[in-house]
Amino acid sequence: MSEQFYSDAQLYDRLFPGGEPALDFYRAEADRQGGSVLELGSGTGNKLIPIAADGHQCTGLELSPDMLAEARRKADERGVEVQWVQGDMRELDLGRTFDLVVIAANSLLHLHDAEDLVACFRAVRRHLAPGARLVLDVYNPSVRLLAQADGVRRRRDELSFADPDRGVVHVDVAGTYDAAAQVTRGTWWFSSDAEADFLVAPLEMRSIFPQELPLLLSLGGLRVVERFGDWARGPFTAGAAIQLCVCEAD
Ligand SMILES: C[S@@+](CC[C@H](N)C(=O)[O-])C[C@H]1O[C@@H](n2cnc3c(N)ncnc32)[C@H](O)[C@@H]1O
């Protein structure tokens with residue numbers, strides 16, 4: 001249900017340009033592990049291209065052909081070699097292992113069913129070389145914000161961005177929270193001065209609660225060895241914005 005959100009990859013990059021401090025964190029993890037890196041849900045390569053430029057052998061698995069094409073274009077432009085694979089992280093089967101597997105920037109939250117999450121973790125486990133790690137980040141759900149999701153369309157000024165083709169792009173968002181599924185079902189409207197609602201895209205994101213995440217990982221044969229609440233490796237607390245987990249094979 002979120003395919004359209006990723007259908008204009010250049011627009012996505014302008015909305016979420018990526019960069020520090022998340023990028024610094026993942027680069028440091030790649031350096032700490034050494035060797036090969038696999039990212040699941042690699043998007044337009046905002047993490048993986050700089051990691052490959054640091055000298056790591058990188059593979060990116062991505063569902064969206066549009067995001068993958070943009071990743072390939074950006075890597076070629078920078079002269080960086082990355083193996084790009086179109087595929088679904090639930091059915092990961094690359095027939096080899098990696099020293100670091102990364103699932104960054106909430107990509108995991110596109111898997112809604114517990115069975116899909118466990119299938120993904122089991123597949124990751126099979127792709128870990130001896131001593132390898134899985135590092136992932138997902139947001140830390142705020143029950144206050146989830147309860148405020150009332151389905152009303154609102155302008156989000158903090159998300160406005162400049163687009164070289166369209167001028168300033170404004171973003172409106174509405175969402176409701178399905179508590180049984182633990183999924184926020186949102187709609188994002190993108191408008192320029194010339195064209196209102198030039199893109200209307202559903203976006204559905206699961207919430208994974210802090211007590212749930214280690215259990216889901218353990219069902220996949222993985223163990224959380226470090227959990228941070230910010231990019232500076234601060235401790236995970238109730239009010240942390242993110243759950244940043246470093247995992248090893250159990
Ligand atoms: C929020 S973006 C993050 C992109 C990238 N990891 C980054 O840090 O910029 C989530 C990405 O996950 C991809 N995705 C969603 N479901 C997927 C799946 N089942 N398998 C592989 N990729 C998936 C989307 O197409 C999208 O590119």
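Predicted model: local features only at pLDDT ≥ 70, side-chain atom pairs only at ≥ 80, totals over all residues.
Two residues are taken to be in contact if their C-beta atoms, placed from the backbone, lie within 7 Å. Leaving aside neighbours within four places in sequence, V101 touches L38, L40, V124, H127, L128 and L134.

The largest nonpolar core comprises 54 residues, and V101 is listed with V37, L100, V102 and L134 as having the most contacts inside it. Strand 5, spanning residues 128–139, supplies the largest share of this core, namely six residues. Because domain 1 (9–140 + 208–249) and domain 2 (143–206) both give residues to the core, it lies between them.

The domain assignment places residues 9–140 and 208–249 in domain 1, and residues 143–206 in domain 2. The C-alpha centres of domain 1 and domain 2 are 24 Å apart. Where the two meet, domain 1 brings eight residues to the contact and domain 2 brings nine. On the domain 1 side, the touching residues divide by class into five nonpolar, two polar and one charged.

Finally, there is the ligand to consider. Its surroundings consist of 21 residues, with G41, G43, L63, A105 and H110 the closest. Sorted by class, the shell around the ligand holds eight nonpolar, nine polar and four charged residues.

Methods
Residues numbered from 1 in each chain as written. Near = placed C-beta within 6 Å. Nonpolar A, V, L, I, M, F, W, Y, C, P; charged D, E, K, R; others polar. Domains from an automatic or database assignment. Core = buried A, V, L, I, M, F, W, Y, C linked by C-beta atoms within 7 Å. Buried ≥ 20, exposed ≤ 12 C-beta atoms within 10 Å, placed from the backbone. Helix = DSSP H or I, 4+ residues; strand = E, 2+ residues; numbered from the N terminus.
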